[in-house]
Amino acid sequence: MMGRERAVVLLAACLLLVVVGVAGNFNEDVDIIWGDGRGKVLSDGQVLTLSMDRASGSGFQSKSQYLYGRFDMQIKLVPGNSAGTVATFYLSSQGSQHDEIDFEFLGNASGEPYTVHTNVYSQGKGGREQQFRMWFDPTKDFHTYSVLWNPNHIVFYVDGTPIREFRNRESMGVAFPKSQAMRVYGSLWNGEDWATQGGRVKTDWSQAPFAVSYKALAAAGCTSADAAACARSNGKWMTQDLDKAAMDRIRAVQANYMIYNYCTDTPRFPQGPPPECSANN
């Protein structure tokens with residue numbers, strides 16, 4: 001086995017971690033907000049499924065809003081030919097100047113890998129995409145996707161492994177989500193115009209209905225309407241940082257599994273990348 005192949009295999013083995021959290025109950029914690037019956041809560045509130053057919057997808061939102069916190073969700077993605085489908089787990093506020101922290105899961109033709117798409121919006125501005133392949137088949141079982149959000153940074157995790165950090169670079173003039181409370185959302189919708197191979201592969205509606213399953217939502221964050229009070233919160237998520245080992249894991253994942261990074265997209269930014277890119281976000 002070549003050196004790089006061996007490194008990838010060893011990394012994948014190290015990444016198969018189990019994340020344990022205190023799970024909520026979907027009957028108590030979320031509202032299904034669209035889909036005309038395509039979203040269902042099952043197993044006494046322990047599982048939520050979203051489905052999509054040609055007429056509509058579906059989605060839910062948390063009852064609570066949060067300003068900073070740690071958010072974990074176990075998800076099993078659409079199996080088989082999922083081309084054109086987009087499943088999501090994200091945080092968002094409302095309005096044209098909204099903040100948003102995204103996990104989007106872009107389906108693919110049978111046998112082709114999913115793309116995990118991440119993005120951060122602040123004051124209505126996004127365009128900070130990083131995309132990854134996973135080191136497992138996300139359709140075979142549930143895997144845990146997590147967001148840590150505090151005044152210092154936003155961290156994306158998969159099965160407890162950090163894959164991306166977006167640090168607060170307000171000192172460089174980069175807006176950072178810090179004053180708008182956000183709800184937790186999940187959805188399944190048709191993104192065939194862009195989601196799979198840049199829109200070249202369309203949704204095969206003969207495979208509908210498509211379905212994604214969620215369980216074990218664990219949301220620990222500040223629910224006060226007072227942004228100043230949330231900034232003084234003593235929740236452990238407020239001071240959680242990444243040590244050297246965690247940063248090494250991010251670098252390893254990005255070296256082996258990242259397929260797109262806005263910071264290195266020279267044609268997109270001919271005058272140079274956004275300022276946070278020079279600070280190793």
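In the strand β14, tyrosine 214 is the bridge partner of leucine 48. Strand β3 (residues 47-52) and strand β14 (residues 210-221) run antiparallel and are joined by six bridges. Strands here are DSSP runs (E, at least two residues), numbered from the N terminus, and two of them pair if DSSP finds at least two bridges between them.

This is a predicted model, in which local features need pLDDT of at least 70, side-chain atom pairs count only at pLDDT 80 or more, and totals for chains, interfaces and linings use all residues. Residues are numbered from 1 along each chain as its sequence is written, and side-chain values use heavy atoms, with hydrogens and water left out.

The pLDDT (the predictor's confidence in each residue, from 0 to 100) has a mean of 90 for the protein, and 91% of the residues reach 70 or more. Over residues 7-21 the pLDDT is below 50, and this stretch has 22 contacts in the model beyond near neighbours in sequence; a contact means heavy atoms within 4.5 Å.

Strands of a sheet pair through backbone hydrogen bonds, either parallel or antiparallel.

Four bridges join β1 to the antiparallel strand β4 (residues 58-62), where serine 62 is the bridge partner of valine 30.

The largest pocket has a volume of about 260 Å³. A pocket is an open set of points on a 1 Å grid over the protein atoms alone, where a 1.4 Å probe fits, with protein on both sides within 12 Å along at least five of seven lines. The volume is the space filled by probe spheres set on the points, which are joined across faces, edges and corners. Ten residues line this pocket (an atom within 4 Å of a point), and Arg70, Asp72, Ala220, Lys236 and Gln240 are the closest to its centre. Strand β14 gives the largest share of the lining, three residues, while β5 (69-76) also supplies at least two. By class, the lining has six nonpolar, one polar and three charged residues; Ala, Val, Leu, Ile, Met, Phe, Trp, Tyr, Cys and Pro count as nonpolar, Asp, Glu, Lys and Arg as charged, and the others, Gly among them, as polar.
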